[in-house]
Amino acid sequence: MEDPRSIFTMIIQGEIPCHKVYEDDLIFAFLDINPSSPGHTLVVPKEPARSLDELSDDSAQAIGRALPRISKAVLEATGASEFNVIQNNGPNAFQSVFHVHFHIIPKMEDGRGLTFPFNPSSIDHEDGARLSSSIRDLLSSPPSQ
Ligand code: AMP
(Lines give C-alpha, C1' and ligand atoms only; values in the text may rest on other atoms or scores of the structure.)
Protein backbone atom coordinates (compact mmCIF):
# COMPACT_ATOMS: atom_id res chain seq x y z
CA MET A 1 0.00 0.00 0.00
CA GLU A 2 1.26 3.49 -0.82
CA ASP A 3 2.59 5.49 2.15
CA PRO A 4 0.00 8.23 2.83
CA ARG A 5 2.66 10.49 4.38
CA SER A 6 4.11 13.29 2.28
CA ILE A 7 7.80 13.28 1.37
CA PHE A 8 8.17 16.28 3.71
CA THR A 9 6.76 14.27 6.64
CA MET A 10 9.36 11.59 5.90
CA ILE A 11 12.07 14.28 5.89
CA ILE A 12 10.75 15.69 9.19
CA GLN A 13 10.75 12.19 10.69
CA GLY A 14 14.36 11.65 9.57
CA GLU A 15 13.62 8.87 7.08
CA ILE A 16 14.81 10.88 4.07
CA PRO A 17 17.98 12.99 4.36
CA CYS A 18 17.97 16.75 3.98
CA HIS A 19 20.11 19.80 4.61
CA LYS A 20 18.27 20.94 7.73
CA VAL A 21 18.47 24.60 8.73
CA TYR A 22 15.91 24.92 11.54
CA GLU A 23 13.56 22.92 13.75
CA ASP A 24 11.22 23.66 16.64
CA ASP A 25 8.11 21.94 18.03
CA LEU A 26 5.94 22.95 15.07
CA ILE A 27 8.29 23.90 12.21
CA PHE A 28 11.00 22.25 10.14
CA ALA A 29 13.15 23.99 7.47
CA PHE A 30 15.67 22.62 4.99
CA LEU A 31 17.31 23.42 1.66
CA ASP A 32 15.33 22.75 -1.53
CA ILE A 33 16.84 19.86 -3.49
CA ASN A 34 16.37 21.81 -6.77
CA PRO A 35 17.29 25.32 -5.73
CA SER A 36 16.42 28.38 -7.82
CA SER A 37 19.37 30.09 -6.14
CA PRO A 38 21.86 29.18 -3.41
CA GLY A 39 20.14 29.02 -0.01
CA HIS A 40 16.66 28.30 -1.46
CA THR A 41 14.95 27.08 1.71
CA LEU A 42 11.65 25.35 2.40
CA VAL A 43 9.87 26.18 5.66
CA VAL A 44 7.36 23.46 6.52
CA PRO A 45 4.87 23.09 9.39
CA LYS A 46 5.14 19.65 10.96
CA GLU A 47 1.34 19.46 10.76
CA PRO A 48 0.65 17.61 7.50
CA ALA A 49 -1.92 20.07 6.08
CA ARG A 50 -2.12 19.87 2.29
CA SER A 51 -2.67 23.57 1.66
CA LEU A 52 -2.48 26.84 3.56
CA ASP A 53 -6.24 27.23 3.99
CA GLU A 54 -6.28 23.92 5.94
CA LEU A 55 -3.54 24.92 8.40
CA SER A 56 -4.33 25.33 12.12
CA ASP A 57 -3.92 28.69 13.83
CA ASP A 58 -1.10 27.28 16.01
CA SER A 59 0.97 26.18 13.00
CA ALA A 60 0.17 29.40 11.14
CA GLN A 61 1.40 31.40 14.10
CA ALA A 62 4.60 29.35 14.28
CA ILE A 63 5.23 29.79 10.52
CA GLY A 64 4.66 33.54 10.85
CA ARG A 65 7.24 33.70 13.63
CA ALA A 66 9.80 31.52 11.87
CA LEU A 67 9.74 33.02 8.36
CA PRO A 68 11.35 36.39 9.10
CA ARG A 69 14.02 34.80 11.32
CA ILE A 70 14.92 32.10 8.82
CA SER A 71 14.87 34.63 5.94
CA LYS A 72 17.33 36.82 7.85
CA ALA A 73 19.73 33.91 8.38
CA VAL A 74 19.43 32.80 4.72
CA LEU A 75 20.27 36.34 3.56
CA GLU A 76 23.24 36.54 5.88
CA ALA A 77 24.57 33.11 4.86
CA THR A 78 24.20 33.72 1.12
CA GLY A 79 25.17 37.40 0.96
CA ALA A 80 21.92 38.19 -0.83
CA SER A 81 20.03 41.32 0.16
CA GLU A 82 16.78 40.60 -1.69
CA PHE A 83 14.51 37.56 -1.73
CA ASN A 84 11.08 36.18 -2.51
CA VAL A 85 8.78 34.15 -0.29
CA ILE A 86 6.38 32.06 -2.32
CA GLN A 87 3.79 29.50 -1.31
CA ASN A 88 1.85 27.37 -3.80
CA ASN A 89 -1.52 25.68 -3.23
CA GLY A 90 -2.90 23.18 -5.73
CA PRO A 91 -1.39 21.60 -8.84
CA ASN A 92 -2.56 24.39 -11.17
CA ALA A 93 -0.94 26.88 -8.80
CA PHE A 94 2.41 25.05 -9.14
CA GLN A 95 2.22 22.97 -5.94
CA SER A 96 4.00 19.64 -6.43
CA VAL A 97 4.37 18.45 -2.81
CA PHE A 98 1.02 18.39 -1.02
CA HIS A 99 2.21 19.40 2.43
CA VAL A 100 2.16 23.15 3.15
CA HIS A 101 5.53 24.82 2.61
CA PHE A 102 6.95 28.28 2.06
CA HIS A 103 9.88 28.84 -0.31
CA ILE A 104 12.48 31.42 0.73
CA ILE A 105 14.38 32.21 -2.48
CA PRO A 106 17.35 34.59 -2.34
CA LYS A 107 17.55 36.93 -5.37
CA MET A 108 21.20 37.06 -6.39
CA GLU A 109 22.82 40.03 -8.12
CA ASP A 110 23.50 37.84 -11.18
CA GLY A 111 19.75 37.23 -11.60
CA ARG A 112 19.53 33.77 -10.02
CA GLY A 113 16.38 33.35 -7.97
CA LEU A 114 12.71 33.49 -8.72
CA THR A 115 11.69 34.71 -12.15
CA PHE A 116 8.06 34.72 -13.08
CA PRO A 117 5.64 36.95 -14.86
CA PHE A 118 2.87 38.42 -12.79
CA ASN A 119 -0.10 38.74 -15.13
CA PRO A 120 -1.65 41.98 -13.98
CA SER A 121 -4.88 43.41 -15.30
CA SER A 122 -6.97 46.43 -14.29
CA ILE A 123 -9.35 45.87 -11.40
CA ASP A 124 -13.06 45.96 -12.17
CA HIS A 125 -14.29 48.12 -9.26
CA GLU A 126 -17.81 46.72 -9.30
CA ASP A 127 -16.38 43.21 -9.03
CA GLY A 128 -13.87 44.39 -6.41
CA ALA A 129 -16.63 45.86 -4.22
CA ARG A 130 -18.64 42.64 -4.41
CA LEU A 131 -15.66 40.37 -3.72
CA SER A 132 -14.18 42.43 -0.89
CA SER A 133 -17.59 42.55 0.78
CA SER A 134 -17.98 38.77 0.45
CA ILE A 135 -14.48 38.10 1.84
CA ARG A 136 -15.09 40.55 4.73
CA ASP A 137 -18.33 38.76 5.62
CA LEU A 138 -16.63 35.36 5.59
CA LEU A 139 -13.80 36.64 7.78
CA SER A 140 -16.17 38.15 10.32
CA SER A 141 -17.85 34.81 11.04
CA PRO A 142 -16.13 32.46 13.53
CA PRO A 143 -13.62 29.98 12.01
CA SER A 144 -15.18 26.59 11.17
CA GLN A 145 -12.43 24.40 12.75
P1 AMP B 1 6.10 23.21 -4.76
O2 AMP B 1 6.20 23.09 -6.26
O3 AMP B 1 5.76 24.60 -4.30
O4 AMP B 1 5.17 22.16 -4.20
O5 AMP B 1 7.55 22.93 -4.21
C6 AMP B 1 8.02 21.68 -3.84
C7 AMP B 1 9.51 21.80 -3.70
O8 AMP B 1 9.98 20.68 -2.98
C9 AMP B 1 10.27 21.83 -5.04
O10 AMP B 1 10.98 23.06 -5.15
C11 AMP B 1 11.20 20.63 -4.94
O12 AMP B 1 12.48 20.87 -5.50
C13 AMP B 1 11.28 20.40 -3.43
N14 AMP B 1 11.59 19.04 -3.04
C15 AMP B 1 10.99 17.89 -3.45
N16 AMP B 1 11.56 16.82 -2.87
C17 AMP B 1 12.55 17.30 -2.05
C18 AMP B 1 13.50 16.70 -1.18
N19 AMP B 1 13.58 15.38 -1.01
N20 AMP B 1 14.35 17.50 -0.51
C21 AMP B 1 14.30 18.84 -0.66
N22 AMP B 1 13.43 19.47 -1.48
C23 AMP B 1 12.56 18.71 -2.16
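## A73 in helix α2

A73 is partly exposed, with a relative accessible area of 46%; that label covers values between buried (under 20%) and exposed (over 50%), using a 1.4 Å probe and protein chains only. A73 sits in helix α2, where a helix is a DSSP run of H or I with at least four residues, a strand is a run of E with at least two, and both are numbered from the N terminus. V21 is 52 residues away from A73 along the chain, and their C-alpha atoms are 9.4 Å apart.

This is a predicted model: local features need pLDDT of at least 70 and side-chain atom pairs pLDDT 80 or more, while totals for chains, interfaces and linings use all residues. Residues are numbered from 1 along each chain as its sequence is written, and side-chain values use heavy atoms, without hydrogens or water.

## The nonpolar cores

A nonpolar core is a set of buried Ala, Val, Leu, Ile, Met, Phe, Trp, Tyr and Cys residues joined through side-chain atoms within 4.5 Å. The largest one has 15 residues, and I27, V43 and I70 touch the most other members. Two or more residues each come from β2 (27–31), α2 (57–78) and β5 (102–107), with α2 giving the largest share, 6 residues.

Setting aside neighbours within four places in sequence, I70 is in contact (heavy atoms within 4.5 Å) with V21, Y22, A29, T41, V43 and I104. There's also a second, separate core of 8 residues, including I11, F28, L42 and V97.

## Out on helix α3

L139 belongs to helix α3 (residues 125–140) and is exposed, at 70% relative accessible area.
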